[in-house]
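Hello,

Here is the structure I promised to pass on. My notes on the sheet and the charged pairs follow below.

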Amino acid sequence: MKKTLMALTLPALLMAQAAWADVVIKVPNNFEILATEQVRIKKATKQVALPEGDQHILVRFDSPTNPHSTAQSLGFVSSKPMLVTFTANDGEEVILVAPRIDTPQEVKRYAKAPTFTLVDAEGQTVAHQTTRVEYEGSPMTADYNAILAKQIGSTASPAPVLSSTAVAGAGVAAVNAAKIDVSDLTPQQADALLRDLYKNADEKRRKDFMRWALGL
């Protein structure tokens with residue numbers, strides 16, 4: 001029997017809400033996060049909040065051909081997507097750090113073989129693996145969520161569609177309000193939705209829920 005997301009997630013908040021803390025992934029202005037395993041983002045972003053654990057994300061270098069021009073008349077240069085794999089715990093911030101690139105020649109050369117490091121909020125290196133991803137089709141129409149799933153051999157149900165935000169502290173943004181068959185979600189996907197429901201509720205709704213859940 002199918003259940004609505006509300007029926008499963010709200011009671012669980014009573015036990016889990018105190019322990020929740022997102023893993024926040026950030027990239028610089030000349031990079032984009034295209035897709036993540038845990039959260040199905042709608043469009044490329046500079047920051048996303050994910051549940052803790054093993055992470056698989058797609059990123060790419062995407063820069064104006066002339067990085068110091070405001071007109072951008074020369075267009076943009078993008079790299080192939082890169083699969084980045086690493087592990088992060090609740091409350092951690094993981095930042096992609098790329099080398100300084102100043103000229104159109106450097107942009108074009110770097111886009112062919114981007115290199116970068118991952119560091120935490122303290123500047124300590126985060127161990128990771130990076131794999132260049134080849135795919136067919138146009139970057140404008142590519143389904144990066146599907147490309148990522150193929151790369152990691154995912155057999156789980158697709159992650160719930162969430163609209164990611166680059167605003168600091170916002171975490172994973174609002175959940176699609178449609179009913180979801182929670183039996184199709186992985187624990188990590190359910191966690192992401194649980195956090196979203198609670199974080200995006202106003203104070204009154206949170207209080208009303210707590211009173212209802214406790215039978216008050």
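By the distance rule used here, six salt bridges are counted. Please bear in mind that this is a predicted model.

Start with Asp143 and Arg40. They form a salt bridge, with the closest N and O atoms 3.9 Å apart. Asp143 sits in the loop between strand E10 (128-132) and helix H3 (144-152), while Arg40 belongs to strand E3 (residues 40-41), so this pair ties together parts that are 103 residues apart in sequence. Asp143 is partly exposed, at 37% relative accessible area. Arg40 is partly exposed too, at 25%.

Next, Lys80 and Glu134. Their side chains meet in a salt bridge at 3.9 Å, N to O. Lys80 lies in the loop between strand E6 (76-78) and strand E7 (82-88) and Glu134 in the loop between E10 and H3, so parts 54 residues apart in sequence are tied together. Lys80 is partly exposed, at 30%. Arg132 joins Lys80 and Glu134 in a network of salt bridges.

Asp102 and Arg100 also pair, with 2.9 Å between their closest N and O atoms. Asp102 is partly exposed at 27%, whereas Arg100 is exposed at 69%.

Now the sheet. Four strands make an open sheet in the order E4-E1-E8-E9, with mixed pairing. E4 (47-50) and E9 (117-119) are the edge strands, each with a single partner, so one side of each has no neighbour in the sheet. On average, neighbouring strands are turned by 20 degrees against each other, direction ignored. E1 (residues 23-26) and E4 run antiparallel, joined by four bridges. Within that pair, Val24 stands opposite Ala49.

Best wishes

Conventions: Residues are numbered from 1 along each chain as its sequence is written. This is a predicted model: local features need pLDDT of at least 70, side-chain atom pairs count only at pLDDT 80 or more; totals for chains, interfaces and linings use all residues. Side-chain values use heavy atoms; hydrogens and water are left out. Two strands pair if DSSP finds at least two bridges between them. Helices (H or I, at least four residues) and strands (E, at least two) are DSSP runs, numbered from the N terminus. Axes are lines fitted to C-alpha atoms, for helices over the stretch in contact, and angles run from 0 to 180 degrees between N-to-C directions. A salt bridge is a side-chain nitrogen of Lys or Arg within 4 Å of a carboxyl oxygen of Asp or Glu. Buried means under 20% relative accessible area, exposed over 50%, partly exposed in between (1.4 Å probe, protein chains only).
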